[in-house]
Amino acid sequence: MEDIFSASRDGNMKYVKTWLEDTRNDLNLGDDHGFTPFLWACREGQTAVFEALLSRGAKVNAVNDGGDNGLHLAASKGNKEIILKLLRNKCPINAMNEHGNTPLHYACFWNYESVAEELVKKGGHVSQCNRSGDTPLDKCKPYLAEILKDLATQLGQDLKKIPFKDPKLRGGKKNDLRDIKDRYSWISPDEITLTEKINKTVTGEVWKGMWNDIDIIAKKIAIKFVNKRISRDFSEEYSKLRIFSHPNVLPVIGAVNDHKNLIVLSQRMHFGSLFNLLHEGTGVIVDQEQAIKFAIDIARGMEYLHSLEQLIPRLYLKSTHIMVDDDLTARISMADYRFSFMNLSKMETPNWMAPEVLQKSPPEVDQRSADMWSYAILLWELVTREVPFAELSPMEIGMKVALEGLRPTIPPGVSNHMVKLISICWNTDPSKRPRFDQIIPILNKMAL
């Protein structure tokens, strides 16, 4: 019987495309051995499947249960075209699997000469020892070892052996969310343990807690009582937030819907929100390179959300709604959606909102263009490490942005490319703002 893993392995594009259209499918979950569809495409050299999965958000640095990433698998089969694409997308070139082997070890062992040379040119270490103390050069045929040794020397590599250090692989680690979609049913409040209230807003309380041995964030929606209509609307709208199919979108994974409580659960991210990371001293240094990476992550997540046949309304883009995982991947939190029955007139943080959102009713606003304005504010926040309009009250921000054309001042020192990008993204005319698929190539060039 065909499944996404065999379809990716065999290059069945028709099946893969159909599977990707279902947003409930998580393309980054693995099979019984931890092979994601993307890893199967890498191993079998299925370029079309590789491109389709990558464009929809497959994790380039995914590993199987043995710690092999895409480069390991492609190198073991000599799939040079896939290898070049992986390298362009920053797949870790010197990552070690559970045996301590790097992709270069495999290219050398299987005698794929052009692949081995390409890996060395891109930074593959010829002197890295595996668990057994063998370097890639030790795995080569003598003539190839000489070629790679000369090439590494020309490139300035030190040929002294690099001792093996346990990389503490994550490949064998259980994926806490692997079966969440299949196990899901409405949750009873007594199944959740709430341990610490971390925030309270007009929309509800946010708590840390546990559910099914998973670290969670629980958002208790502020509502006086739950009637049948509200319960029905919550069920309908909640189901649209369980988007497991993109690495830059953080889905809601469970919910409570009873006569007293409406609660949505999402997996707790290691660094909390992007706002926390930028402004509240988490110890992470967000340099220019990391800022661009966050910008790309957010743009990819928004591009995906904007590609959905039905846009998800009231999912306001701001740094408090971007969560950051332990590998510093930025993910748009679906738990911050504002349900239709909530008090939609109160806007606590207009700092990131487009002028038209503050002036008009939701049906009159082009959501895609408004999201791009909010993204421009996020870009400004990333490059300045400052809170936008921090010196003004929410009321002053709303009035000045909506009626006076106020924008944050871009300080000296920000690159001309970034200044230009921010400027076009917060264009006064919503119709002249770009789409996310148009700015991602620009950001990718900035990342080089």
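**Close-up 1. Helix 8 and helix 10 in the predicted model are roughly parallel to each other.** Helix 8 spans residues 113–121 and helix 10 spans residues 142–154. Their axes lie 10 Å apart and meet at an angle of about 20°; angles under 35 degrees count as roughly parallel, and the pair is therefore placed in that class. The crossing of these two helices is right-handed.

**Close-up 2. Residues at the contact of helix 8 with helix 10.** From helix 8, the contact involves Glu-113, Ala-116, Glu-117, Val-120 and Lys-121. Helix 10 meets them with Tyr-143, Leu-144, Ile-147, Leu-148, Leu-151 and Ala-152. Sorted by class, eight residues of this contact are nonpolar, three are charged and none is polar.

**Close-up 3. The hairpin of strand 1 and strand 2.** Two residues link strand 1 to strand 2 in this hairpin. Strand 1 (residues 193–201) and strand 2 (residues 204–211) run antiparallel and are joined by seven bridges. Opposite Asn-199 stands Val-206 of strand 2.

Close-up 4. Strand 3 (residues 214–221) runs antiparallel to strand 6 (residues 262–267), with five bridges between them. Lys-219 has Val-264 of strand 6 opposite.

Technical notes
Residues numbered from 1 in each chain as written. Predicted model: local features only at pLDDT ≥ 70, side-chain atom pairs only at ≥ 80, totals over all residues. Heavy atoms only, no water. Pairing = 2+ DSSP bridges. Helix = DSSP H or I, 4+ residues; strand = E, 2+ residues; numbered from the N terminus. Axes fitted to C-alpha atoms, helices over the stretch in contact; angles between N-to-C directions. Parallel < 35°, antiparallel > 145°, perpendicular 65-115°, else oblique. Left-handed = near helix turned anticlockwise from the far one by under 90°. Contact = heavy atoms within 4.5 Å. Nonpolar A, V, L, I, M, F, W, Y, C, P; charged D, E, K, R; others polar.
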